[in-house]
Amino acid sequence: MKLTPKQEKFCLEFVNCAGNATEAARRAGYKGNENQLAQIGFQNLRKLNIQERIKELKAMLRETDYAVIKIAEGAATVEEYAKLISDREAWRLEINELGG
C-alpha cells in the first residue's frame, strides 16, 4: 500500500529524529497535544507499510554512514562515494520539502 505524503514525511522524520515517534508526528504535520501525537506516532508505527519504509530508510542511511566513516578515516575519497553522498543530501531536502 502506498504511503500518503504525510506518512512518508513521518517515516523520514522518524529516522531523522532517532526514533522519536511523537516528534516525528509533530514534524510531519499531524496536529494534537503531546498525548495525541504520541498516539498517532504509535498507530503509524503499527502499520506494515510504514514499518517497511522505515526499514528501507534505515538501510539507506547505514550505507551512507559507512561511506562517511570511510572518508573520515581516509580510507576512501569523496569522489568514490559521490552518488551516496548526493542521495543523502537529496533525502535531507526531501524531508524539508515534504509538507505536513
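**Close-up views of a predicted model**

**View 1. Cys11 sits out of the solvent.** Cys11 is buried, with a relative accessible area of 0%; here buried means under 20% relative accessible area, exposed over 50% and partly exposed in between, with a 1.4 Å probe and protein chains only. This is a predicted model, in which local features need pLDDT of at least 70 and side-chain atom pairs count only at pLDDT 80 or more, while totals for chains, interfaces and linings use all residues. Residues are numbered from 1 along each chain as its sequence is written, and side-chain values use heavy atoms, with hydrogens and water left out.

View 2. Searching the whole structure turns up 0 disulfides, a disulfide being a pair of cysteine sulfur atoms within 2.5 Å.

**View 3. Helix H1 covers residues 5–16.** Helices (H or I, at least four residues) and strands (E, at least two) are DSSP runs, numbered from the N terminus. The end C-alpha atoms of H1 are 16 Å apart, in agreement with the 16 Å that its 12 residues should span at 1.5 Å a residue; the expected span is 1.5 Å times one less than the number of residues. Because 9 of the 12 residues of H1 are buried, this helix is largely enclosed by the rest of the structure. Among the buried ones are Phe10, Leu12, Phe14 and Val15. After H1 comes Ala18, with a positive phi near 55°.

**View 4. Phe10 belongs to the largest nonpolar core.** Such a core is a set of buried Ala, Val, Leu, Ile, Met, Phe, Trp, Tyr and Cys residues joined through side-chain atoms within 4.5 Å. This one has 17 residues, and those touching the most other members include Phe10, Phe14, Tyr30 and Ile54. H1, H2 (21–28), H3 (34–45) and H4 (48–73) each supply at least two of its residues, with H1 giving the most, 5 residues. Leaving aside residues up to four places away in sequence, Phe10 touches Ala21, Tyr30, Asn44 and Ile50, among others; contact means heavy atoms within 4.5 Å.

**View 5. Helices H2 and H3 cross.** They pack at an angle of about 100°, with axes 7 Å apart. That makes H2 roughly perpendicular to H3, a term for angles of 65 to 115 degrees. Axes are lines fitted to C-alpha atoms, for helices over the stretch in contact, and angles run from 0 to 180 degrees between N-to-C directions. Residues making the contact include Ala25 of H2 and Leu37 of H3.

Key
Parallel < 35°, antiparallel > 145°, perpendicular 65-115°, else oblique.
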